[in-house]
Amino acid sequence: MTDGRKGVGKLFYFSEVIGDGEGGLFESRKLEMNVENSSRGSGRKDCFSLASLIGFLCAFQNDSAVAKGAVCLDGSPPAYHFDKGFGAGINNWLIHVEGGGWCNNVTTCLDRINTRLGSSKQMAKQFTFSGILSNKAKYNPDFYNWNRVKVRYCDGSSFTGDVEAVNPATNLHFRGARVFRAIIDDLLAKGMNHAQNAILSGCSAGGLAVILQCDNFRALVPMSTKVKCMSDAGYFINAKDVSGASHIEGFYNDVVTTHGSAKNLPVSCTSKMRPGLCFFPQNMAQQIRTPLFIVNAAYDSWQIKNILAPGVADRHGTWRDCKADIKNCSPDQLKTMEDYRMQFLRALAGLGPSSSRGLFINSCYAHCQTGTQETWLRDDSPVLGGTTIAKAVGDWYYDRSPFQKIDCPYPCDKSCHNRVFE
C-alpha cells in the first residue's frame, strides 16, 4: 500500500539500531523508504531524530528501567514505537498501548517468551502506523502531527504485574506495572514533561490497560497538561459462557494471581471484592476521575469467541462457523449473541453517568477499530449518527461536542466492517 496513509516503523535500541515492528492487531505492510534521506530526518541512530513518516521502535538497553526490573516476560528490555510530532503538534502526545491477550499461568506465559508478546528480541523488523497513529491530516485530522507512541506489549498482564522473585527454572519476569512506569518516565524525559495535550489510548488488552492505568497516567504527566484516555475494545465483561460456566472470571483471577497484580489494581475496587474481579472494567471504571472514551463493538468478536463461546465450552464445534463469520450464525446463535450484547450494555452502565465520558458502541462483529485506517477514518468507515470514530474521538477530546451513542441491534448497521476469520 503506497497511498501515504501509513508510515513504516523500525526498531531501535536507544544506543544502536536493531530492527522491529508488528502485525496482528494492526494491519502491517512494508513500504520502501530511505530513512537516511528523509526530508525532516537527520539520519542519526537515535529514537527521536528521524522523519515523522517513520514510526520506529525504541527498546531500553542497560539503563535504569532494566536495572529496576522493568522487563518483558523473558527479561528483555521493554520497547515502544515512536513517531515525532511536528508543527502545531510538537508538544502533544498520543500514547497507544498494544493488545495481545494475557497469560494466566506459568505454562501460558512460557508460551509467549519466544514471541513478540513476551520478548522484545522477537519483534519483527517492520511496522506501519495507521488509523489513530497516522501522520496524514486527511486520515487522522486531529492527531496526525502529535508525537505518536505505540507501546509494545510483552508482559501478559495489561501492565499490572509486579513480582520481585524470578524462578530460575523458568526465568519468567512478571513486571508489567514496572514496564508501564518505565516507558512513561522515559517519554517524560524525552519531552512529554512539556506536553500541552496527552491521550492514553490502546486496543484490546491494551485498551484494558488504558482503563486500569488512566488515573495513574494522569498523575504522572504535568498537571498543566490536558489529559484524556481512550479505550478501544478493552471493555471486557464478566459473563458466563454458553455452557453456563464463568470461564473468563476464573481466567482473570489466574492472571491477577500469577502476575501479582492485586496491588496495582484500584483500591476502591479491591477493598470491596476479590482482586480478580477488579480486572473487569464494570467493577472499577466508575471510579476513574480522568475523562474516558470507550470505543467498543457490542458484539465484540474477541469476546464472542473467547468469553461467550470459548472452545472449552463448545466441545463439538457448534459455534465454529458462527464465530468465523457472523453471517453463518443460526437464529438461535444470534439470539444468544443479542443476549450477550444486552449484558454488555448493562455492564457498560458501570461507568456511571458523566458528561466527561465518551461512548462509541456500534453493533459490528469487530475487535479494535482505531488502529486500522478502514475503521478509523475512510470514506466507508463505520459511523454512528453519521459520525466516524475519528471525528467522535476528536470532537470529544477537544471539547467541540460530546459523543455518547449506542447502536441499534445487529444487523441494522450497514456501515460495519464485520470480521471474517479463516
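Modeller: Let us begin with charge pairing. In this predicted model, the structure holds 17 salt bridges.

Biologist: What is the general idea behind such a pairing of side chains of opposite charge?

Modeller: Side chains of opposite charge can pair when their charged atoms come close. Here, Asp-185 and Arg-181 form a salt bridge in which the closest N and O atoms are 3.0 Å apart. Asp-380 and Arg-378 also meet through their side chains, with 2.9 Å from N to O.

Biologist: How does the position of two residues along a helix bear on their pairing?

Modeller: An α-helix has 3.6 residues a turn, so residues three or four places apart point the same way. In this structure, Asp-185 and Arg-181 are four residues apart in helix α3 (residues 176-189), so about one helical turn separates them. Lys-391 and Asp-395 are also four residues apart, in helix α12 (residues 389-397), and are separated by about one helical turn. The closest N and O atoms of their salt bridge are 2.8 Å apart.

Biologist: Which residues are linked in a network with Lys-391 and Asp-395?

Modeller: Salt bridges link Asp-142, Lys-391, Asp-395 and Arg-400 in a network. Within it, Lys-391 is partly exposed at 45% relative accessibility, whereas Asp-395 is buried, with a relative accessible area of 8%.

Biologist: Let us turn to helix shape. How would one describe α4, and where does α4 bend?

Modeller: One compares the span with the value expected for the number of residues. With 16 residues, α4 reaches 21 Å from its first C-alpha to its last, close to the expected 22 Å. Of its 16 residues, 13 are buried, so α4 is largely enclosed by the rest of the structure.

Biologist: What surrounds Gln-213, and is this residue buried or exposed?

Modeller: Gln-213, within α4 (residues 205-220), counts as buried because its relative accessibility is 5%, under the 20% cut-off. Leaving aside residues up to four places away in sequence, Gln-213 touches Phe-159, Phe-180 and Leu-200. A polar atom of the Gln-213 side chain lies 2.7 Å from the backbone oxygen of Phe-159.

Conventions
Residues are numbered from 1 along each chain as its sequence is written. This is a predicted model: local features need pLDDT of at least 70, side-chain atom pairs count only at pLDDT 80 or more; totals for chains, interfaces and linings use all residues. Side-chain values use heavy atoms; hydrogens and water are left out. Helices (H or I, at least four residues) and strands (E, at least two) are DSSP runs, numbered from the N terminus. Buried means under 20% relative accessible area, exposed over 50%, partly exposed in between (1.4 Å probe, protein chains only). A polar contact is a pair of N or O atoms within 3.5 Å; within protein, one must be able to donate a hydrogen and the other to accept it, and residues adjacent in sequence count only if both atoms are side-chain atoms. Contact means heavy atoms within 4.5 Å. The expected span of a helix is 1.5 Å times one less than its number of residues. A salt bridge is a side-chain nitrogen of Lys or Arg within 4 Å of a carboxyl oxygen of Asp or Glu.
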